[in-house]
Amino acid sequence: MLSISDLTVKFGGLTALSGVHIELNPGEVVGLIGPNGAGKTTLFNALTGFAPVESGKLSLDGKDHAWPKNHQLVDLGIARTLQGVGLFPDLTVLENVMVGGQKFAKGSVLRAALGLDGSNEKYLEEKASLALEKVYASSLGDKRADSLPYPVTKRVAIARALMSDPKILLLDEPAGGLGSQDIDWMNGLIHNLKSETSILLVEHHMDVVMNVCDRIYVLNFGELIAEGTPAEVRENPAVIAAYLGAEAAK
Amino acid sequence: MLFIDTLLIGLSSGAIYALMALALVLVWRSTRVVNFAQAGQAILSTYLGYEVMNMTHNYWVSIPFAILGGAAIAAFVDGVIMRALVKRSHKGSVSEIAPVIATLGLLGLIRSLTGMIWGNAYLQYTSPLSGKGYMIGQHTIPFSPQNLIIVIGALLVMGVFAAIFKFTNLGLALRAASFQPEISRLAGIRVDRIRTIGWAFAGAAGAVAGALVTPTTYLSPNSLDLLLVSGFVAAVIGGLDSLIGAVLGGLLLGVGFAFILQYIGTSVTFSAAFIILILVLFMRPRGILGSKGGRRDA
């Protein structure tokens, strides 16, 4: 479904990613882990048009593809959440989610000015309500985004990403900043989402990664140091060394 | 009667300020840029209307041309100048101020351009509507049919654009793109295109202001400059982000001016704008309607 090979990203003289490969298959949840500065978010940024790709090959559904610009992602079936959540503070929750469905927005400036896009607006509202139901936030549609507690903003950001019906969902630290109860809830949500989209997630919470991921890639200093099932990765000496130091791996 | 006359004078001029404030709010709301070139763009579109009127001898026919011209000029300004500037200065300490400074430069450029083409003479862009006040009994009130069309124009511009922002996906995309362009791009919004549409809307609103207001005075490269200041103050009083606020701000400013002029004198008129602005901001720092309202509030 998604295949990245030999990906190298440089910022000036600094190599942020070097020869990295990733595979994501339909219905899979794949984790991308590594210590701070390992290059996890850089990989997301390269894939979503926010970081310059020095070299590397991207293939989607078996076909080679140019690295997309960020506004092309939804048309390729890719949606992304951000570490910083990034809701629009002065829009309501429903409107925030509707923004994610702009690929379904139809009509022209003239039609909008003449008020002829009502049915399309209604369609987006209904779709946004459904997306909010999926993240158990359907009662919050009329609230302003800046009135929500932090854990709820994470749910709304996921609902917004789901609005484009993505085949591939990139979750950037979905459990970051959450308490244990909300982390349990997030685990359940990711399990539920597996039936409708493949998920690539960057996460620091190891209990989330080990709980929800089918496979894991481990980055360190911009290089891939391990890959495998959660059980395999957990036992990998290179991974233990990266996280705990070389002494612990012995 | 003097009180009512003063109030009507204030409402008439307030509607004029409101039109310019609406144009400024539309650009701010769509792109987070205070567009000081708005007066220049409006005067250029008014000259276009003036030329069409000279050809057709019909003021009403000239207005749609002025509006389309205003939208096209604004789209050109954003598409060719502002877009390139934003790309070159999108990071660093100048990123937010550079486009605003550019609009000041553009105002001077447009003024010079219109002066070169049409000269600096005071031209008449005349409306078939009377500039004389309505008669009530034996008393002529200071409110003419042209004043009425200005008030209607301000309310119409406010209504149309408020509805677009409130009820349409286009309005939602405009709001989203102005606040968080990168996230909007991730959602598939063509941010550059949406910004240009926002500028075109503002250009159209500014053109309405120029075409309706100019018949009450005269047409010259600088004739809307003072209106820019009043419109900006009105927009800030209204909350800068609210179309209804822009109209209320304009009317408040107009009425405030009229009463100051009537009961205090002409010497304080210009400074009165800023005194009113400071008083309103002291009482409501976000402006009259600049509270946390969201897209659903126009």
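This is a predicted model: local features need pLDDT of at least 70, side-chain atom pairs count only at pLDDT 80 or more; totals for chains, interfaces and linings use all residues.
**Entry 1: the sheet of chain A**

I began with helix α1 (residues 40-47) of chain A, which lies across β1 (2-11) and β2 of chain A and runs at about 75 degrees to β2(A). Residues are numbered from 1 along each chain as its sequence is written, and chains are lettered from A, with ligands numbered from 1, in the order in which they are written.

Axes are lines fitted to C-alpha atoms, for helices over the stretch in contact, and angles run from 0 to 180 degrees between N-to-C directions.

I then looked up the strand order. Chain A has an open sheet of four strands, β2-β1-β4-β5, with antiparallel pairing; two strands pair if DSSP finds at least two bridges between them. β2 (14-24) and β5 (63-65) of chain A are the edge strands, each pairing on one side only. From one strand to the next the twist averages 30 degrees. Strand β4 (residues 55-60) of chain A is joined to β5(A) by three bridges, and the two run antiparallel. Opposite Leu58(A) I found His65(A) in β5(A).

**Entry 2: the domains of chain A**

I noted domain 1 (1-77 + 166-250) and domain 2 (87-164) in chain A; such bounds come from an automatic or database domain assignment. The C-alpha centres of the two domains of chain A lie 27 Å apart. Domain 1 of chain A gives nine residues to the contact and domain 2 of chain A gives eight, where contact requires C-beta atoms, placed from the backbone, within 7 Å.

**Entry 3: positive phi in chain A**

Most residues other than glycine have a negative phi. Tyr136(A), not a glycine, has a positive phi of about 55 degrees. I located Tyr136(A) in the loop between α4 (118-134) and α5 (150-162) of chain A.

Phi of Asp165(A) is near 50 degrees, and Asp165(A) sits in the loop between α5 and β7 (168-172) of chain A.

**Entry 4: chain B**

I found that helix α1 (residues 2-31) and helix α8 (residues 191-213) of chain B have axes that come within 8 Å and cross at roughly 175 degrees. α1(B) and α8(B) are therefore roughly antiparallel, the class for angles over 145 degrees. Their contact includes Leu19(B) and Leu26(B) of α1(B) and Trp199(B) and Phe201(B) of α8(B). By class, this contact has 15 nonpolar, four polar and one charged residues.

Finally, I looked up the chain contact: 26 residues of chain B touch 30 residues of chain A. The largest share of the chain B side, seven residues, comes from α6(B).

Note on methods
Angles under 35 degrees count as roughly parallel, over 145 as roughly antiparallel, 65 to 115 as roughly perpendicular and the rest as oblique. Two residues are in contact if their C-beta atoms, placed from the backbone, lie within 7 Å. Ala, Val, Leu, Ile, Met, Phe, Trp, Tyr, Cys and Pro count as nonpolar, Asp, Glu, Lys and Arg as charged, and the others, Gly among them, as polar.
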